[in-house]
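Reader: Can you walk me through this one? Keep it quick, and start wherever you like.

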Amino acid sequence: MSCHACSRAPNPRLPFCCATCARSHLYQLRVEHVKVLLEKEVIGKQIDEAVAHRETQGRAEEIDGVVPESAMEGHSRWAIQAIANRQANSSTRTKTLGDQVEVLVAEINDKKLDISQRKLTLARRNSDTESAKYQLLEREGAMLTAIQNNTRRTEHLWHNLHTKTIDARIFLCREAANIYGLRQKSKRINGDSKETYMLGGMPIIDLREMNGKLRPFILTLSK
């Protein structure tokens, strides 16, 4: 059937030339859509009638004390579904808790490892400290012993040097006395023994007797 506006037969491969051709092409689709809507409405009415009839029948059976099989099946399905949901939730929570426990166990193991490493480090430091203290005490003892030995050696050397110096002075004094003719004489004055010393044939003045008792000539000679 050709279009009364453009006089062209409908062809799905050709584009539309006018609005009439477009409406003619969409008309069949509209009819099919209306059929689908009508079928849907009929099926909905049938479902409503079936549900209403089943509810009426179930109420009547409940009044008679008999539980319908459909209700039992519905309840069992709901119970199974609820149990499955609970089991799924429980499995999810169990898995989550298991993951958290694994994380906590891993953290605890890491902390234990860290604590053990710190203990080893502290033990090593304590050992090094004790070794250093022990060596320090040994070094202090060795240094103190060396200082004491050096002090004793120095004191011994000083004592020997002092003794030699005294001996040398005694020798020099003796030689000087021999050279200058130092002599010791004893005489009695008023019944008392008194010692006098002569040097080069001249008496050595006793300083205790210089209080105006000696003559200037003797003092001059004694110098």
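Author: Let's start with one residue. Thr-196 is buried, at a relative accessible area of 19%. Buried means under 20%, exposed means over 50%, and partly exposed lies in between, with a 1.4 Å probe and protein chains only.

Reader: Where is Thr-196 found?

Author: In strand 2. Helices (H or I, at least four residues) and strands (E, at least two) are DSSP runs, numbered from the N terminus.

Reader: And what does Thr-196 touch?

Author: Arg-183, Gln-184, Lys-185 and Lys-187, leaving out residues up to four places away in sequence. Contact here means heavy atoms within 4.5 Å.

Reader: Before we go on, what kind of model is this?

Author: This is a predicted model: local features need pLDDT of at least 70, side-chain atom pairs count only at pLDDT 80 or more, and totals for chains, interfaces and linings use all residues. Residues are numbered from 1 along each chain as its sequence is written, and side-chain values use heavy atoms, with hydrogens and water left out.

Reader: What does the pLDDT average for the protein chain?

Author: The average is 76, and 69% of the residues score at least 70. pLDDT is the predictor's confidence in each residue, from 0 to 100.

Reader: Where is confidence lowest, and where highest?

Author: Lowest in helix 3 (residues 216-222), with a mean of 50. Helix 2 is highest, at 83. Where pLDDT is low, the predicted coordinates should not be read in detail.

Reader: Fine. In what order do the elements run?

Author: From the N terminus, α-α-β-β-β-α. That is three helices and three strands.

Reader: Back to the strands. Which way do strand 1 and strand 2 run?

Author: Antiparallel. Strand 1 covers residues 183-189 and strand 2 covers residues 192-199, with seven bridges joining them. Two strands pair if DSSP finds at least two bridges between them.

Reader: Which residue in strand 2 stands opposite Lys-185?

Author: Thr-196, the buried one. Lys-187 faces Lys-194 in strand 2.

Reader: What about the turn in the hairpin of strand 1 and strand 2?

Author: Two residues lie between the strands. Asn-190 takes a positive phi there, near 55°.

Reader: And how many bridges pair strand 2 and strand 3?

Author: Two, again in the antiparallel sense, with strand 3 at residues 202-203. Leu-199 has Met-202 as its bridge partner in strand 3. This hairpin also has two residues between its strands. Gly-200, in the turn, has a positive phi of about 65°.

Reader: Change of topic. Which residues make the nonpolar surface patch?

Author: Ile-179, Tyr-180, Leu-182, Tyr-197, Leu-199 and Ile-204 make a patch of about 610 Å². Helix 2 (69-180) and strand 2 are the elements that give two or more residues to the patch. Patches are made of residues with over 30% relative accessible area and no salt bridge; like charges are joined within 9 Å, nonpolar side chains (Val, Leu, Ile, Met, Phe, Trp, Tyr) within 5 Å.

Reader: How accessible is Tyr-197?

Author: Partly exposed, at 37% relative accessibility. Tyr-197 is in strand 2.

Reader: How many salt bridges does the structure hold?

Author: Two. A salt bridge is a side-chain nitrogen of Lys or Arg within 4 Å of a carboxyl oxygen of Asp or Glu. Lys-45 and Glu-41 meet in one, at 3.8 Å, N to O. Asp-114 and Arg-118 meet in another, at 3.5 Å.

Reader: How far apart are Lys-45 and Glu-41 along the helix?

Author: About one helical turn, because they are four residues apart in helix 1 (residues 19-63). Asp-114 and Arg-118 are likewise four residues apart, in helix 2.

Reader: Are those side chains buried or exposed?

Author: Arg-118 counts as exposed, at 56%. Asp-114 is partly exposed, at 31%. Glu-41 is partly exposed too, at 45%.

Reader: Last one. What share of the protein chain is buried?

Author: Buried residues make up 4% of the 223. The accessible surface is about 20600 Å², and 58% of that belongs to carbon and sulfur atoms. Areas come from the Shrake-Rupley method with a 1.4 Å probe; for residues, only the protein chains shown count as cover.
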